[in-house]
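Below is a short report on one protein model. It covers the strands, the sheet and the nonpolar cores.

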Amino acid sequence: MTPFVRAAVAFLACGAVLISCGTTPPADTPAESAASPGPATEPHTATPVPGPTATAPVRVERNDAEPALVTGVRFGRHPSFDRVVVDFQGGVPGYTVRWVRELHEEGSGRPIDLKGGRALHIRLVPANAHTEDGTPTWNGTTVPASGGITGIAKTGDFEGVVGIALLAPGVTGFKVTELAAPPRLVVDVAH
């Protein structure tokens with residue numbers, strides 16, 4: 001084996017060890033103590049992550065020249081919370097996330113049926129959910145039965161404002177997180 005190949009193998013082996021060890025726990029996961037009691041073969045039991053508890057409105061203003069494009073809205077159910085991820089092209093726009101008792105469609109003003117409950121309304125500005133020729137980039141998201149969120153409705157895509165309603169039986173805690181690469185807005189809603 002040549003010295004170059006030996007050095008490359010050693011470098012890759014060190015990198016694999018560093019990656020597998022990691023230095024920080026994943027987000028929303030409690031860190032394990034470095035001096036945990038018990039033998040090394042003791043199985044690890046994951047501690048359930050509690051759902052979010054804050055109910056106050058969240059508002060972030062951005063006055064970017066170009067509206068962000070909503071490319072999709074994804075849903076995931078977890079043991080103590082439901083997660084909705086709004087995917088964007090062009091960055092995360094400004095947003096307001098708050099609990100409401102009633103909603104009206106952007107533009108038409110028609111009331112939206114909240115199915116007897118409440119809605120966590122996500123209002124994105126400046127944003128579009130359609131291409132320049134008017135083709136929708138997101139029409140809706142299916143939500144399985146039995147959980148905190150009972151449905152997701154598009155409340156508008158009009159004049160640089162996109163609205164998304166997360167339907168729920170009542171007000172619960174929520175948390176909003178911005179992520180980049182790719183740009184997305186994550187909203188966790190407690191059960």
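In β8, which residue is the bridge partner of A68? The partner is A127.

## Basis of the model

This is a predicted model: local features need pLDDT of at least 70, side-chain atom pairs count only at pLDDT 80 or more, and totals for chains, interfaces and linings use all residues. Residues are numbered from 1 along each chain as its sequence is written, and side-chain values use heavy atoms, with hydrogens and water left out.

## Overall make-up

The protein chain has 1 helix and 12 strands. Helices (H or I, at least four residues) and strands (E, at least two) are DSSP runs, numbered from the N terminus.

Of the 191 residues, 34% are buried, meaning under 20% relative accessible area with a 1.4 Å probe, protein chains only. The accessible surface comes to about 11700 Å², by the Shrake-Rupley method with a 1.4 Å probe. Carbon and sulfur atoms hold 58% of that surface. Contact means heavy atoms within 4.5 Å. Among contacts between residues at least 6 apart in sequence, 65% join residues at least 24 apart.

## The open sheet

An open sheet of 5 strands has the order β8-β2-β3-β12-β11, with mixed pairing. Two strands pair if DSSP finds at least two bridges between them. The edge strands, β8 and β11, each pair on one side only.

Strand β2 (residues 68-77) is parallel to β8 (residues 127-128), with 2 bridges between them. On β3 (residues 81-89) the pairing is antiparallel, through 8 bridges. β2 and β3 form a hairpin, with 3 residues between them. Across this pair, G72 is opposite D87, and G76 is opposite R83.

## Nonpolar cores

A nonpolar core is a set of buried Ala, Val, Leu, Ile, Met, Phe, Trp, Tyr and Cys residues joined through side-chain atoms within 4.5 Å. The largest has 29 residues. V70, L124, I152, I164, L166 and L185 touch the most other members. At least two residues of this core come from each of β2, β3, β4 (94-100), β7 (118-125), β10 (161-168), β11 (174-179) and β12 (184-190).

What does L124 contact, leaving aside its neighbours within four places in sequence? Its partners include V70, V86, F88, Y95, I164 and L185. A second, separate core has 8 residues, among them V100, I112, A165 and L167.

Technical notes:
Buried means under 20% relative accessible area, exposed over 50%, partly exposed in between (1.4 Å probe, protein chains only).
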